[in-house]
Amino acid sequence: MTENPIIEVEGLTKTFGSTEVLKGVSLALERSQVTCIIGPSGSGKSTLLRCLAFLETYDTGRVEIEGRLLGYVEKDGRRRPATSREISDVRRNVGFVFQHFNLWPHMTVMDNVAKPLWLASGFSRKEARERALAALEKVGLADKLEDYPAQLSGGQQQRVGIARTLAKGPHIILFDEPTSALDPEIVGEVLQVMRDLAEEGMTMAVVTHEMGFAAQVADRIAFIDEGVIAVQGAPRDVLLSKDNPRLVRFLKNFFDRNVFWEN
Amino acid sequence: MNLDFSIFTDNWPDILGGLWLTLELWLGGSVLGMVLGLTIATVRQYAGGVVQRGIAAYVAAFRGTPFLIQLFLLYYGGPSFGLVLTPVQAGLVGMTVYSSAQFIEIFRAGFQSIPPGQIEAARMSGLGRMQILIHVQLPQMMIIILPSMVNLYVIMTKETALLSVIAIPDLTAVLNGIGSATYAYAETLFALAAFYWILLECVTAAGRWAERKVGRYLVR
Amino acid sequence: MSSLLSEALPVFIKGLEATIFFSFGSVVVGFFMAVALCTMRLSKSTVLSSIAAVYVSFFRGIPLMVQLLISFYCLPVVGINVSPGVSALFTMAACTAAYMAEILRGGFLGIPYGQIEAAQISGLNRFQILKEIEVPQAVRLTLPSLINEVVNMVKASSLISVVGVLDLTRAAQNVAASTYKPLSVYLTAGILYLAVTSSIGALEAVARRSLKTERQG
């Protein structure tokens with residue numbers, strides 16, 4: 001833990017209307033580590049992840065991407081909201097994979113991956129296509145370049161989503177329940193891609209219910225409950241812990257269904 | 001820019017006359033068009049292929065051509081086949097026929113929204129066509145087609161502005177005439193715009209009131 | 001009758017060209033205005049949103065005829081001296097912009113917000129998101145209504161004859177006046193208008209069908 005973390009979170013709070021969803025979250029996402037964030041519905045885990053990408057604003061606290069404050073600009077001890085250009089600049093190296101893929105339906109698979117590269121990331125069209133092709137090969141969809149999202153299965157669409165974010169060369173990828181919207185038999189293909197990425201050393205933060213993945217692939221697991229990180233540590237420590245009764249009750253669901261096979 | 005409002009007070013009777021005529025032609029044309037449209041749409045349900053195609057052609061013709069051309073045909077072309085109308089008569093007939101074509105489509109959609117099974121049940125219960133229309137179809141259709149009908153009434157208010165072109169002394173003609181005579185274009189035209197805007201607000205308010213009333217009837 | 005037609009035909013053609021030019025021209029100009037209006041309407045700024053709302057309310061609430069008269073008579077008073085054609089074109093564009101803005105609004109609101117987030121995360125700026133993600137999809141979603149608006153514009157274009165533009169209606173009026181055969185002349189004009197609106201209407205039917213199958217697929 002001596003290197004600077006890619007994303008550092010300190011004292012994050014977030015209120016929606018009258019509900020305080022995040023009540024002071026602190027977290028460090030280290031280089032090449034896979035962090036899985038687990039917790040019951042409504043615990044705030046998706047909100048936390050979205051705040052890390054500033055897809056949601058946060059009220060107090062700090063989110064720093066490679067040392068730079070995200071979402072706000074501080075000057076003389078005062079803080080003002082950052083402009084969208086400043087935000088884009090700070091989160092340039094952050095990738096995001098959405099639960100519902102969010103592919104653009106009117107563009108082909110190739111365009112979904114390549115267009116943002118030459119529109120926003122400053123690559124030439126040729127470079128963009130090359131990078132896109134490489135990313136799509138990596139996720140196993142090089143044969144679907146000219147297809148439209150509607151012609152693909154859910155698992156394929158999510159893999160395109162992963163390729164889209166991979167292609168821009170991020171230093172960290174945030175996954176927001178990447179398999180929750182998929183049919184059970186397709187979940188595996190996406191998890192495999194994520195495993196491969198982890199093995200190659202990609203820094204990842206994954207909000208997920210897939211305990212098997214968390215148990216086998218994560219370097220650290222954080223359990224969020226009622227807006228705070230109640231427990232965090234190595235997978236074995238967290239998943240087998242008996243200290244936190246709410247965690248134990250939360251995990252009971254998964255133990256009962258025998259989700260862990262190689263613990 | 002000095003605004004001179006004396007032109008309104010000086011020409012009060014003419015303006016009032018034009019305003020009244022505009023309202024009469026709008027309401028008369030739209031209501032007659034609605035009745036005509038309902039009649040044709042009802043007949044269409046029970047008619048054979050030839051009649052249905054004829055009605056389709058009628059609808060296509062009056063929905064696909066400009067209202068102005070239709071007015072010219074009636075007023076200037078009418079005498080060629082023995083139809084001599086005064087400008088006002090031509091205006092009324094024109095508004096009626098033009099709106100009827102749109103009303104036919106609205107009622108057609110309304111009729112289609114009622115499951116055919118209900119009509120069959122009504123027939124088996126011995127109801128005649130008129131009774132089916134009044135007791136089974138219209139009550140259910142009303143809430144669905146009311147927004148489109150209100151919208152059509154609104155559209156017709158705006159079409160009245162064209163009537164001045166065939167020498168009908170409606171509000172547009174009167175105000176434009178005053179404007180041309182006194183060069184007080186800004187005052188007259190903005191008054192005209194204000195009139196139409198007020199009429200629009202009234203019609204949409206009436207529409208909302210009607211929707212509430214009909215909705216309550218249905219809830220019971 | 002045939003000699004009448006052969007003499008009148010060039011006049012009709014000229015009028016038809018003008019009608020098509022003004023209808024389609026105003027739709028094209030109006031479309032860009034409509035996108036801008038829609039952006040304003042849906043923006044978080046209440047000032048921009050209100051301005052757009054008032055604009056739409058005015059141009060949809062007042063008859064096009066009155067708008068054309070205002071442009072024709074009042075613009076010179078404030079120093080804008082353009083030909084009747086130019087003022088008519090921009091008045092029509094301003095009018096159709098209001099209608100199209102309302103149509104597009106539904107389209108914009110129908111785009112799942114997640115796609116915009118994905119674009120933001122991919123680094124696209126506001127203008128790029130509008131151009132690449134929002135407008136194509138809003139248009140796709142509302143295409144039948146937009147095409148219907150084109151048809152409305154073709155019919156509405158007949159009004160420019162009143163403010164001195166030589167369109168198909170004015171051409172017909174001229175021919176009718178010189179040949180004393182109003183019935184055949186206006187029937188011909190009507191048929192020409194019908195031909196144009198029917199072809200565009202056929203496009204609308206095609207668009208409607210492909211939208212349906214896209215939804216189901």
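**Entry 1: before starting**

I am working with a predicted model, so I keep in mind that side-chain atom pairs count only at pLDDT 80 or more.

**Entry 2: chain A against chain C**

I began with the contact of chain A and chain C. I found 20 residues of chain A and 16 residues of chain C taking part. About 1,700 Å² is buried between these two chains, and carbon and sulfur atoms give 58% of that area. I then asked which residues of chain A lose the most area to chain C. They are A:Trp104, A:His106 and A:Leu119, which together make up 34% of what the chain A side buries.

Next I looked up charged pairs. The rule finds two salt bridges across the interface of chain A and chain C. One that I looked up joins A:Arg50 to C:Glu117, and their closest N and O atoms are 2.4 Å apart. For polar contacts, I noted nine residue pairs across the interface of chain A and chain C, both residues at pLDDT 80 or more.

Which helix gives the largest share of the side of chain A that touches chain C? I found helix α3 of chain A, residues 109-119, with three residues. By class, I counted 11 nonpolar, four polar and five charged residues on this side of chain A.

**Entry 3: chain B against chain C**

I turned to chain B and chain C. Here the contact takes 33 residues from chain B and 29 residues from chain C. The two chains bury about 2,600 Å² between them, with 79% of it on carbon and sulfur atoms. In chain B, the residues losing the most area to chain C are B:Ile69, B:Lys158 and B:Leu189, together 19% of what that side buries.

How many salt bridges are there between chain B and chain C? My count is zero. I did find four residue pairs in polar contact between chain B and chain C, both residues at pLDDT 80 or more.

I also listed the elements of chain B that give two or more residues to the side touching chain C: α3 (49-64), α4 (67-75), α8 (171-182) and α9 (185-219). Helix α9 of chain B gives the most, with nine residues. That side of chain B has 23 nonpolar, eight polar and two charged residues.

**Entry 4: the second largest pocket**

I looked up the second largest pocket and found a volume of about 1,400 Å³. Its lining has 43 residues, and those nearest its centre are A:Ser84, C:Ile116, C:Gln120, C:Arg126 and C:Ile129. Two or more lining residues each come from α2 (84-90) of chain A and from α1 (2-41), α4 (84-109), α5 and α6 (126-156) of chain C. I sorted the lining of this pocket into 19 nonpolar, 13 polar and 11 charged residues.

**Entry 5: the cavities**

The structure holds three cavities of 30 Å³ or more, and about 50 Å³ of space lies in the largest cavity. What lines the largest cavity? From chain A I noted A:Phe96, A:Phe98, A:Gly161, A:Arg164, A:Thr165 and A:Lys168, and from chain C there are C:Ala118, C:Ile121 and C:Ser122. The elements giving two or more residues to this lining are α5 (154-166) of chain A and α5 (113-121) of chain C. Helix α5 of chain A gives the most, with three residues. By class, I have four nonpolar, three polar and two charged residues in the lining of the largest cavity.

Conventions
Residues are numbered from 1 along each chain as its sequence is written. Chains are lettered from A and ligands numbered from 1 in the order in which they are written. This is a predicted model: local features need pLDDT of at least 70, side-chain atom pairs count only at pLDDT 80 or more; totals for chains, interfaces and linings use all residues. Side-chain values use heavy atoms; hydrogens and water are left out. On a 1 Å grid over the protein atoms alone, a cavity is a set of points where a 1.4 Å probe fits but cannot get out, and a pocket is an open set with protein on both sides within 12 Å along at least five of seven lines; lining residues have an atom within 4 Å of a point. Grid points are joined across faces, edges and corners, and a volume is the space filled by probe spheres set on the points. Helices (H or I, at least four residues) and strands (E, at least two) are DSSP runs, numbered from the N terminus. Ala, Val, Leu, Ile, Met, Phe, Trp, Tyr, Cys and Pro count as nonpolar, Asp, Glu, Lys and Arg as charged, and the others, Gly among them, as polar. Contact means heavy atoms within 4.5 Å. Buried area is the accessible area (1.4 Å probe) that two parts lose on being put together, summed over both. A salt bridge is a side-chain nitrogen of Lys or Arg within 4 Å of a carboxyl oxygen of Asp or Glu. A polar contact is a pair of N or O atoms within 3.5 Å; within protein, one must be able to donate a hydrogen and the other to accept it, and residues adjacent in sequence count only if both atoms are side-chain atoms.
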